[in-house]
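Welcome, and please get your viewer ready. We will go from one selection to the next, with a short note at each stop.

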Amino acid sequence: MAIPSQTLKANPHDLLAAERIGELRTTKGTTMLASWYDEQGPAAEVLQVGEVPDPAPGPGEVRVRVAVSGVNPGDTKKRAGWTGSGMPYPRVIPHSDAAGVVDAVGDGVEARRTGQRVWIYGAQSYRPFGTAAQYAVVPADLAVPLPDHVCDDLGASLGIPGITAHRTVFADGPVDGKVVLVNGVLGGVGSLAAQLAAWGGATVIGTVRRATELDRVDPSVVSHVVALDADDPAAEIRAHAPGGVDRIIEVSLSDNADLDNAVAANGATIAAYATRADRTEIPFWTLLFNNVTLRLMGSDDFPTAAKRLAARDLTSAAAAGALTVDVGDRYPLTDIAKAHDRVDAGGRGRVLLTIPR
C-alpha cells in the first residue's frame with residue numbers, strides 16, 4: 001500500500017521507467033517532489049508521494065514551477081478507473097489544472113516566456129504527467145499568461161471547469177440579449193458558466209437544489225434563482241422567462257430533462273456536461289417538436305480552437321474582475337489522498353493542492 005503522507009525515494013529502475021513513459025525528457029541528476037499512481041484504486045491505496053526526475057521541456061514546450069494544482073472530479077475518476085477505463089500509461093502524475101511560473105522553455109519557444117506567470121489547462125489530457133508535482137511540462141499554448149493581479153487560486157481553477165463552462169455557454173454563439181438557465185449554479189462549472197454568461201451580456205437564471213441555498217447565489221450575476229425543491233420550479237422559471245430560455249447549462253440531465261423540456265424556448269440548446277444516470281431518458285418528441293438541440297460536452301475532446309478561445313476569454317474575464325471561485329479546501333501535496341477523497345465526497349468549493357517550492 002502506498003503511504004501518501006510519507007516522502008518516498010524512487011529506485012533507479014523507477015527513474016528509468018519514468019523516463020520512458022510518454023518519452024519524458026528529464027534533467028539528469030535532479031529530482032522533484034510529485035505524486036503519482038502506478039495502478040488504479042482508492043486514493044489512500046494507490047497515490048504515492050516522493051521524488052521523481054525533474055522534467056525538461058522539449059521542442060514547443062515549457063516547464064512550469066507549479067504553485068497551486070487544482071483537483072477535479074475527472075482527476076479522481078481517472079485514478080479510480082471510472083466506467084472501466086484502464087491505466088493509459090504505466091505511471092500517471094494526476095491533475096490537469098494549475099497556476100505557476102514558467103522556469104524553462106524548449107526549442108522554438110520564445111525565451112522571454114521564462115519568468116512568466118501562467119495558468120495551465122490540459123496537462124494530463126492524453127498525457128501521463130500532470131500538475132501534482134513541483135514542475136509540469138506542457139505544450140507552450142497550454143500555459144496561458146496570467147495577469148499579475150489575478151491570484152494563483154483563480155488561475156488554478158480555470159482549466160477543466162472554466163473551459164467546460166465557456167463551451168457550454170458559447171458553443172452555439174454569443175449570448176448577448178439571451179436568457180441562459182444554469183442548473184447547479186453553485187457548482188464548479190455552473191458558477192463559472194453563470195459568470196461567463198453574465199459577462200457575455202445574458203440574463204442568467206440559476207437553480208439550486210434546496211431553498212436553503214438560495215441566499216448563497218450572487219444576485220449581481222444571477223438575476224433570478226430558483227430552488228428545485230419548490231412546488232413548481234418550472235413555473236417559477238417561466239415567470240422570469242415567459243418566452244422560454246435560450247440556453248440551458250445542465251449539470252444532471254437525468255434529473256432535469258423534464259424541467260429543461262418545460263422551460264426551453266423554441267430552438268433552445270441544452271448543453272449537458274454531466275448526468276447522474278449513465279443511461280439517461282429524455283422527453284424526445286416534445287423536445288423534437290420544440291427544435292431543441294442537445295449538446296453533450298466532454299472537455300478533454302473539445303476542438304483545439306474552442307479551447308484556445310475559451311482560454312483567451314477566461315483570462316480576459318478574470319483580468320476584468322468578472323470571475324471568482326469559491327475555494328472549499330486546500331491541502332499540501334503530501335495530503336493529496338485527502339484532497340481526492342474530499343472531491344469524491346462532494347461539498348462546497350474548489351479543492352486545491354499547495355505545491356512546495
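At what angle do helix α7 and helix α8 pack, and how far apart are their axes? Before you select them, note that this is a predicted model, in which local features need pLDDT of at least 70, side-chain atom pairs count only at pLDDT 80 or more, and totals for chains, interfaces and linings use all residues. Residues are numbered from 1 along each chain as its sequence is written, and side-chain values use heavy atoms, with hydrogens and water left out.

**Stop one: α7 and α8**

Select residues 233-240 for α7 and 253-263 for α8: they pack at about 30°, with axes 9 Å apart. Helices here are DSSP runs of H or I with at least four residues, strands are runs of E with at least two, and both are numbered from the N terminus. Axes are lines fitted to C-alpha atoms, for helices over the stretch in contact, with angles from 0 to 180 degrees between N-to-C directions. The pair is therefore roughly parallel (angles under 35 degrees; over 145 is roughly antiparallel, 65 to 115 roughly perpendicular, and the rest oblique). Show Pro-233, Ala-234, Ile-237 and Arg-238 of α7 with Leu-259, Ala-262 and Val-263 of α8 to see the contact (heavy atoms within 4.5 Å).

**Stop two: α5 and α6**

Next, pick α5 (160-170) and α6 (188-199), whose axes come within 8 Å and cross at roughly 50°. These two helices are therefore oblique to each other. On the α5 side the contact residues include His-166 and Phe-170, while those of α6 include Leu-192 and Trp-199.

**Stop three: α3**

Now move to α3, residues 73-80, and colour Asp-75, Thr-76 and Arg-79, which are buried (under 20% relative accessible area; exposed is over 50% and partly exposed in between, with a 1.4 Å probe and protein chains only). Look down the axis of α3: the buried residues line one face, because they fall within an arc of 95°, taken from the directions from the helix axis to the C-beta atoms.

**Stop four: Val-251**

Finally, select Val-251 in the loop between β12 (245-250) and α8. Val-251 counts as partly exposed because its relative accessibility is 28%. Beyond its neighbours within four places in sequence, Val-251 touches Asn-183, Gly-184, Tyr-273, Ala-274 and Thr-275.
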